[in-house]
Amino acid sequence: MADQTVHPSLKPGTEDIRFFLNDREVVGKKGETIITVAAREGVYIPHYCWHPSLSVAGNCRLCLVEVHLPDPRNPDAPAKPAPKPVIGCQTPISNGLRVYTESKVAQECQQGMMEFLLVNHPLDCPICDRGGECQLQRYSMEYGAGHTRMADEKRKFHKPQADPLIDIERNRCIMCTRCVRFNDEVGGEHVMGVFDRGEGNYIGTFGQGPVSNILSGNIIDICPVGCLTSRPFRFKARVWELAQTQSTSIWDASGAKVTHWTRNRKLMRTTPPSRKAHDRYTVNEDTEEFIDNITRFGSDFGLHADRWDESRIRIGGTLIPGAFVEAVRQAAGSLAKTKVNHGADSIAVLVSPRATMEEGFLAAKFARTVIGNDNVDWRMSFATAASADAASLAFQHADGDLNDGFSAVVLVNGDYLHQVPTFAMRVKEYARLNNKPVIMIGHHHDAYFSKCAGRRQYGCRPAETSRALELLSLAIKGDAAGNGELAKIFSVAESEVASLVDLLKGVAGKALLIQSLEDMNGAYLPSEVPAALTLKAALGATWKYIPVLRDRNAFGLYAVGAQPGRLPGSEEAVRKAWKINEKAQIPTAGGQHARDLVAAIEEGRIKGLLALGADVLYSYPDQDRLLAALEKLETFVVSDLFNSEITRRATVFFAAASNLERDGVMADLEGNLARLKDVDGPTGGARPDWETLTGIATMMGSTAFAYESVEDVFNEMIRLVAPGFRGSFTGLELAGPANDHSVQDPGGARRRTPAYNPGDYRVDGAHLRWSSEPFAGAIPAVAAEAPAAAGQFLLTWGEHVQGDDYHLNHASIAHLLKAKPYVEVHPADAATLALEDGKRAVLTVGTESIEVTARVRKGPAQGTLYFPAGLGGLKLTGLGESLTAGLQPALETELASV
Amino acid sequence: MIFELLKGLNIAAHHMVRYMAGPGNVTVEYPEVKREQPPFFRGRHRLQRYKDGLERCVGCALCAAVCPSEAIYLEAAENTPEHRVSAGERYAEVYQIHLLRCIFCGFCEEACPENAIIMGPSFELAMSKRTDFIADKGDMLDAPEKGFGDYHEYDPYISHVTAESDKKAKADPWDKSHAAGH
Ligand code: SF4
Ligand code: SF4
Ligand code: SF4
Ligand code: SF4
Ligand code: FES
């Protein structure tokens with residue numbers, strides 16, 4: 001394949017080119033290809049191998065068009081037909097060109113190519129899962145000849161079992177190589193290839209291994225035919241039987257939009273947003289809004305057998321199912337009793353980081369008005385209260401948006417691909433395709449970015465990251481005194497530091513500073529965030545900041561004030577909206593941090609707990625300690641989906657609505673809002689959390705909770721949180737079958753369907769922004785690192801979306817979605833250990849040891865190891881201290897015994 | 001007027017005498033005697049089999065898609081080498097026709113790519129319970145000995161992953177059996 005790593009549509013020039021498309025004069029930019037301009041102009045050119053997110057391969061030849069070329073010496077003469085038709089996906093436009101996409105020549109080409117592609121195609125549509133949404137079927141109808149001249153036996157391949165999630169049926173492949181290019185370019189791993197030649201040409205994975213990366217499921221959608229189909233969805237239903245709901249992922253904090261496909265309200269599959277073609281919504285094989293495998297295959301946890309779908313009340317030691325109203329009365333009664341007996345400060349409210357903004361808002365309001373304290377929080381997974389506060393400081397200064405593009409990006413720490421997969425993908429693809437500098441600083445670098453040519457890595461020990469950022473900001477401000485120290489921290493030459501400073505100073509236009517809020521033992525984040533903000537201030541106003549946290553709605557919950565010390569808006573506005581009179585105090589201080597909640601319960605300071613979602617409690621690393629503490633509570637009201645260790649300890653249990661059963665709004669890392677949409681209301685006796693909270697508050701005597709619908713809650717919330725927001729609740733819905741009137745109403749004016757227009761499916765939501773002054777605070781010092789024993793490595797860790805997760809554990813194919821434990825090793829360390837990439841090794845932390853796969857890459861800094869916490873059941877409960885670990889290559893005999 | 005009356009009576013009398021006990025009579029002694037139906041009669045549905053007992057239906061749901069009264073419900077599943085039900089990769093695990101909704105239009109029969117569902121000659125559709133009108137596979141499947149054709153007649157390919165086929169695919173992904181005149 002030619003060196004086509006950049007697809008032309010992304011590199012258009014600025015010069016206007018005028019040419020004719022089916023005799024209509026259109027304007028494009030120099031460097032654009034015929035197919036991209038045609039798509040923009042609403043002229044559909046059939047294509048298989050061309051994909052807007054991938055490089056141009058030009059191998060399916062279905063996009064052949066007839067062109068007439070003007071005579072360069074005599075521009076006034078009529079254009080002459082080119083000797084041969086050209087492919088629209090690779091041919092750049094030029095002045096005066098006349099393109100015919102529906103002429104006789106073009107039609108003959110299309111028919112010929114279709115016949116050629118169908119020569120060996122099995123045409124087993126009745127048993128093919130792509131049937132009904134297949135491009136081969138569609139083009140056969142629209143562009144094919146309608147009959148076959150093929151009388152011989154068709155070619156057949158044996159079928160391999162390569163991937164547990166993706167079914168590969170080579171007989172149906174049309175060799176467009178979209179899947180190969182997707183894995184190479186977007187997925188970042190060269191795992192698939194085209195093998196053999198001529199008639200024996202087939203698609204496959206190297207070594208028949210799985211297509212293992214976290215974005216691999218997208219090749220199912222972009223494969224235009226039924227060669228790659230979803231194994232979990234295999235034969236479950238025909239696509240035309242499925243109802244679609246446009247919603248958003250509850251896993252991916254990048255805010256990925258999705259379509260849930262349901263049959264009889266049961267989730268069958270999840271894909272990127274569907275597109276409209278021929279007045280129907282169908283899977284979008286040209287999608288650019290890719291989703292990760294957890295969102296795609298894990299969203300069905302609401303169907304788990306452990307689901308409790310009716311409220312329960314503890315009577316004499318057992319949880320007895322009861323009516324919702326009864327449970328509300330019980331919960332209100334016992335919370336009121338606890339409040340009277342032990343004071344308002346003895347009650348705390350916890351919110352799941354996957355709660356919607358409305359739910360978080362109501363929890364904040366409930367704590368502030370009904371309970372009368374500041375004890376509301378969602379940040380239980382942080383190692384210390386100080387690092388949770390550092391994360392909030394980061395959100396306070398967040399102002400970046402990826403949609404604006406960037407001319408350079410600085411990444412501070414982070415395992416982005418495994419925490420916020422599609423956000424990482426967008427950053428990486430933008431940097432790679434536009435050749436922008438990617439500067440990675442800190443103790444862990446994401447190897448996913450290694451395909452970016454403009455990559456520069458500066459590794460350091462965790463304890464030195466904040467010092468490095470501080471020195472860098474000094475150097476940018478012109479104080480080069482620290483360059484020597486910086487060079488030492490990064491283990492590079494001083495000239496290298498100078499060139500980095502020059503590079504950063506020379507960045508023109510918008511640029512991004514992205515920081516991971518992964519806090520490990522909590523010792524470093526409290527100084528890393530101020531250090532990064534100092535760097536941002538030094539770099540200037542064109543630099544925007546995006547803090548990255550894995551929790552889906554972290555930014556939204558911060559915005560609505562579901563945490564101590566923060567109100568959803570100005571105190572005045574809140575006082576008015578919540579009908580609090582002038583004299584009464586709104587509690588905004590001294591709130592209980594979720595992180596210290598367990599200790600507070602153990603000490604008897606907290607007696608009553610209201611938790612919206614048990615997953616927030618599950619994120620506490622020491623579950624045994626947590627469960628013991630829950631036993632001590634006088635009142636433990638929890639609203640959750642499942643029968644679990646945590647919910648079995650409840651005094652009142654509310655059956656919550658799952659991700660497919662509730663409605664609301666979530667914010668992503670960039671502050672864009674996306675609508676979580678219910679399919680058809682909750683199942684059984686389940687109720688969405690806003691109803692539960694409204695019920696309890698009203699029962700406890702509040703009059704400020706008079707909501708009829710979740711939209712009422714949204715309206716009150718958005719006026720406080722984003723007063724400038726001009727949209728509406730329904731306006732945040734994605735265009736889809738449920739709210740597209742050109743489909744619903746046959747008499748209504750029908751839009752002409754643009755064949756490809758991703759803009760249709762993107763909602764530019766409100767940006768949650770706070771006018772942030774440049775940060776001028778102090779950077780707390782970090783305790784010096786204790787020297788590690790010989791042969792020991794400093795352990796760094798972070799969360800992983802495929803790790804131990806309350807909701808993921810209940811997904812139907814959780815066992816296939818969980819990642820196998822691995823450890824990242826720096827190449828220099830691997831060399832001393834005689835460890836190769838992909839080999840097994842034994843990781844020992846304290847007294848525990850597990851077998852892991854070694855991944856040798858420039859991820860962790862030299863002398864440190866990176867381990868995604870929660871994989872393989874290794875508990876890192878010794879939080880608050882630094883950990884060291886030993887790593888040994890696994891011996892063959894050990895391997896055999898495992 | 002009298003003349004017309006007598007003429008009519010004459011026809012009636014003629015038929016009465018002619019068909020009283022003769023072999024060509026119009027009525028039959030149902031239910032002891034059942035009338036033969038014309039070949040394209042659209043009666044109760046039957047699901048056919050191949051000679052070797054495999055079901056013809058591959059659970060493609062085209063019949064359900066075409067059915068104007070939404071009388072057909074089916075859920076498909078995947079055949080395994082241990083549990084092979086149909087000739088393709090897929091078979092109908094649940095196949096139901098709601099006979100009270102069905103209007104016997106025959107579209108399902110026409111849509112079926114496998115000649116699996118046909119409308120049989122049976123017109124006996126009286127049942128005592130509403131639930132009995134939901135015919136499932138057990139009610140509709142032909143007895144195995146009734147099967148016709150063998151399943152090689154249906155052969156885009158049969159591509160299952162078995163330990164053996166996986167081994168073959170790893171060694172040589174290309175199935176050249178047809179080249180040797182399979
Ligand atoms: S890929 Fe398309 S044309 Fe081929 S069998 Fe499947 S549905 Fe039919
Ligand atoms: S498997 Fe699908 S995407 Fe890949 S080359 Fe074949 S047809 Fe194209
Ligand atoms: S005969 Fe007509 S109405 Fe009855 S099941 Fe078949 S398609 Fe439906
Ligand atoms: S009866 Fe025929 S049309 Fe209906 S599912 Fe079976 S094979 Fe398909
Ligand atoms: S789309 Fe142009 S050659 Fe395939």
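## Close-up views of the predicted model

**The shell around ligand 1, by residue class.** The shell around ligand 1 consists of 6 nonpolar, 4 polar and 3 charged residues, where Ala, Val, Leu, Ile, Met, Phe, Trp, Tyr, Cys and Pro count as nonpolar, Asp, Glu, Lys and Arg as charged, and the others, Gly among them, as polar. A residue is taken as near a molecule or strand if its C-beta atom, placed from the backbone, lies within 6 Å of it. Of the 13 residues around ligand 1, those that come nearest are A:Cys125, A:Cys128, A:Cys134, A:Val225 and A:Gly226. The model is predicted, with pLDDT of at least 70 needed for local features and 80 or more for side-chain atom pairs to count, whereas totals for chains, interfaces and linings use all residues. Residues are numbered from 1 along each chain as its sequence is written, while chains are lettered from A and ligands numbered from 1 in the order in which they are written.

**The parallel sheet of chain A.** In chain A, 5 strands form an open sheet with parallel pairing and the order S23-S22-S21-S24-S25; helices (H or I, at least four residues) and strands (E, at least two) are DSSP runs numbered from the N terminus, and two strands pair if DSSP finds at least two bridges between them. Strand S23 (455-459) and strand S25 (543-548) of chain A stand at the edges with a single partner strand each, so one side of each has no neighbour in the sheet. From one strand to the next the twist averages 15°. Strand S21 (residues 409-412) of chain A is joined in the parallel sense to strand S22 (residues 438-442) of chain A over 4 bridges, with A:Val409 opposite A:Val438, and also in the parallel sense to S24(A) over 4 bridges, where A:Leu513 is the bridge partner of A:Val410. From S21(A), A:Val409 and A:Leu411 point one way and A:Val410 and A:Val412 the other way, and all are buried, a residue being buried if 20 or more other C-beta atoms, placed from the backbone, lie within 10 Å of its own, exposed if 12 or fewer, and partly exposed in between. Strand S24 (residues 511-516) of chain A runs parallel to S25(A) and is joined to it by 6 bridges, with A:Ala511 standing opposite A:Trp543.

**Packing of helices H13 and H14 of chain A.** Helix H13 (residues 483-490) and helix H14 (residues 494-506) of chain A pack at an angle of about 105°, their axes 8 Å apart; axes are lines fitted to C-alpha atoms, for helices over the stretch in contact, and angles run from 0 to 180 degrees between N-to-C directions. H13(A) and H14(A) are therefore roughly perpendicular to each other, given that angles of 65 to 115 degrees count as roughly perpendicular, under 35 as roughly parallel, over 145 as roughly antiparallel and the rest as oblique. The contact is made by A:Asn483, A:Gly484, A:Leu486 and A:Ala487 of H13(A) with A:Glu494, A:Glu496, A:Val497 and A:Ala498 of H14(A), two residues being in contact if their C-beta atoms, placed from the backbone, lie within 7 Å. These residues divide into 4 nonpolar, 2 polar and 2 charged.

**The contact between chain A and chain B.** Chain A gives 24 residues to the contact and chain B 28 residues. Strand S7 (156-157) and strand S10 (202-205) of chain A each supply at least two residues of the side of chain A that touches chain B, a side that by class has 9 nonpolar, 6 polar and 9 charged residues. S7(A) pairs with strand S6 (residues 174-175) of chain B in the antiparallel sense over 2 bridges, and A:Phe157 stands opposite B:Trp174.

**The antiparallel sheet of chain B.** In chain B, an open sheet of 3 strands has the order S2-S3-S5, and its edge strands, S2 (72-78) and S5 (134-135), each pair on one side only. Strand S3 (residues 90-98) of chain B pairs with S5(B) in the antiparallel sense over 2 bridges, with B:Ile97 opposite B:Ala135.
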